Amino acid sequence: MGSVQASELVIYTAHGETTSTPILDAFAQAHPDVKVTVVRGGTGEIVERLRAEAANPSADVMWGGPTQTFDENAALFQPYQSPSDADMVTSDPNHIWHPFTVLLQPLIISTKRVEAGKMPKTQEDMLSADFESAGGVIIPDPAKSGTGYTIISALAGNFGWDFTGKLAKTARLAPGSDDAFNAVRDGEAAAGWINEDLGAKWRAEGLPIEIIYPTDAVTGQIDAQAIVKGAPNLEDAKSFIDFLGTKAAHEIVRDATVRRSARQDITPPSVLPDLGSLNIISAVEPRPVVTARFHEARGK
């Protein structure tokens, strides 16, 4: 590829700017010689793009998305054993994905739309007719959003498809997770789910929302990253994966982005509840199955 491209790095990411910018700024300081290009999209969209480009990859790294996404699409990525893999709460025996954060999705409720006495306490409360009349429950499309997939698959695995099918029928569908989060924040929808880091920030800003960790179960995922198979800038891709695993990067994860680090030696943000007090459920069925059943239940 020639020396011109030796210090370039193309990152496809599902992370929004709030999550990614502090990390990218720190990487730029540590590696000032590497020119980074960032392409953003939902996990489903990124995976489709990687498939389309498989014969001639443009991206070096996919950053963001549940570990299940990387497992289901392992042929698109190449193994790499990063020094920090051993420091994480979990690791991939095949060394395809590398853990980044432990990400929960509590409920987000619009205080413009829902009265204090009608706030949900459980996941099952999300089927309440009160929400339909107040603007509806909104959820990211699991076909396009890794967060949407995590929520739907975890709920189906824990509560069954009868409950999840009812939710699919009644909920409004957003094309991506940010769209779903913002709809509740702006009072366009009554209720939904949100990545807890963003929920904590919005609460701290005094926005008209309530964040609730359901007493029956809270959905969650391990967020990860991987090197694209045939990455044009492999050495820089390895450097970025290594950087994302460092203690310094994970202190930024905790302090600047209010996320739970996947490193064992980083304490969680103080504003987030203790994991031991929650019943955490994760995705069970693979994404194609979940997406098909979800849309079949919607009848659309």
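**Strand pairing and helix packing in the predicted model**

Strand 5, which spans residues 97-105, is mostly covered, with nine of its nine residues buried (buried means under 20% relative accessible area, exposed over 50% and partly exposed in between, with a 1.4 Å probe and protein chains only). Strands (E, at least two residues) and helices (H or I, at least four) are DSSP runs, numbered from the N terminus. The structure is a predicted model, in which local features need pLDDT of at least 70, side-chain atom pairs count only at pLDDT 80 or more, and totals for chains, interfaces and linings use all residues. Residues are numbered from 1 along each chain as its sequence is written, and side-chain values use heavy atoms, with hydrogens and water left out.

Strand 5 runs antiparallel to strand 11 (residues 218-228), and eight bridges join the two; strands pair if DSSP finds at least two bridges between them. Within this pairing, L103 stands opposite Q221 of strand 11. Strand 5 also pairs in the antiparallel sense with strand 12 (residues 260-261), over two bridges, and here T101 faces S261 of strand 12. In the loop that leads from strand 4 to strand 5 lies H95, a residue other than glycine whose phi is positive, near 60°. H95 is partly exposed, at a relative accessible area of 24%.

Strand 4 itself covers residues 77-78 and includes F77. With 3% relative accessibility, F77 counts as buried. Its contacts (heavy atoms within 4.5 Å), leaving aside neighbours within four places in sequence, are with L50, M62, F70, I96, A226, I227, V228 and K229. By comparison, the C-alpha atoms of F77 and V253 are separated by 24 Å, and these residues are 176 apart along the chain.

A further set of strands forms an open sheet of three, in the order 9-6-10, with antiparallel pairing. Its edge strands are strand 9 (191-193) and strand 10 (209-212), each of which pairs on one side only. From one strand to the next, the twist averages 25°; axes are lines fitted to C-alpha atoms, for helices over the stretch in contact, and angles run from 0 to 180 degrees between N-to-C directions. Strand 6 (residues 107-110) is joined to strand 10 in the antiparallel sense by four bridges, and I209 of strand 10 is the bridge partner of S110. In a regular strand, side chains alternate between the two faces of the sheet. Two helices lie across these strands. Helix 6 (residues 177-185) lies across strand 6, strand 9 and strand 10 and runs at about 40° to strand 6, while helix 7 (residues 196-204) lies across strand 6 and strand 10, at about 140° to strand 10.

Turning to the helix pairs, helix 1 (residues 17-30) packs with helix 9 (residues 247-257) at an angle of about 140°, their axes 10 Å apart. The two are therefore oblique to each other (angles under 35 degrees count as roughly parallel, over 145 as roughly antiparallel, 65 to 115 as roughly perpendicular and the rest as oblique). T18, T19, P22, I23 and A26 of helix 1 make the contact with A249, I252, V253, A256 and T257 of helix 9. V258 is buried, with a relative accessible area of 14%.

Helix 1 also meets helix 8 (residues 234-244): their axes come within 11 Å and cross at roughly 120°, which makes helix 1 oblique to helix 8. On the helix 1 side, the contact is made by I23, L24, A26, F27 and A30, and on the helix 8 side by S239, F240, F243 and L244.

Helix 5 (residues 146-170) and helix 10 (residues 287-298) have axes that come within 10 Å and cross at roughly 45°, and helix 5 is thus oblique to helix 10. G146, Y149, I152, S153, W161, G165, A168 and K169 of helix 5 meet R287, V290, R293, F294, A297 and R298 of helix 10. Two of these residues, G146 and R287, are also among those touched by T43, together with A14, M62, G64, G65, K144 and S145, not counting residues up to four places away in sequence. T43 lies in helix 2 (residues 43-52) and counts as buried at 3% relative accessibility. A polar atom of the T43 side chain lies 2.7 Å from the backbone nitrogen of G146.

How values were computed: A polar contact is a pair of N or O atoms within 3.5 Å; within protein, one must be able to donate a hydrogen and the other to accept it, and residues adjacent in sequence count only if both atoms are side-chain atoms.
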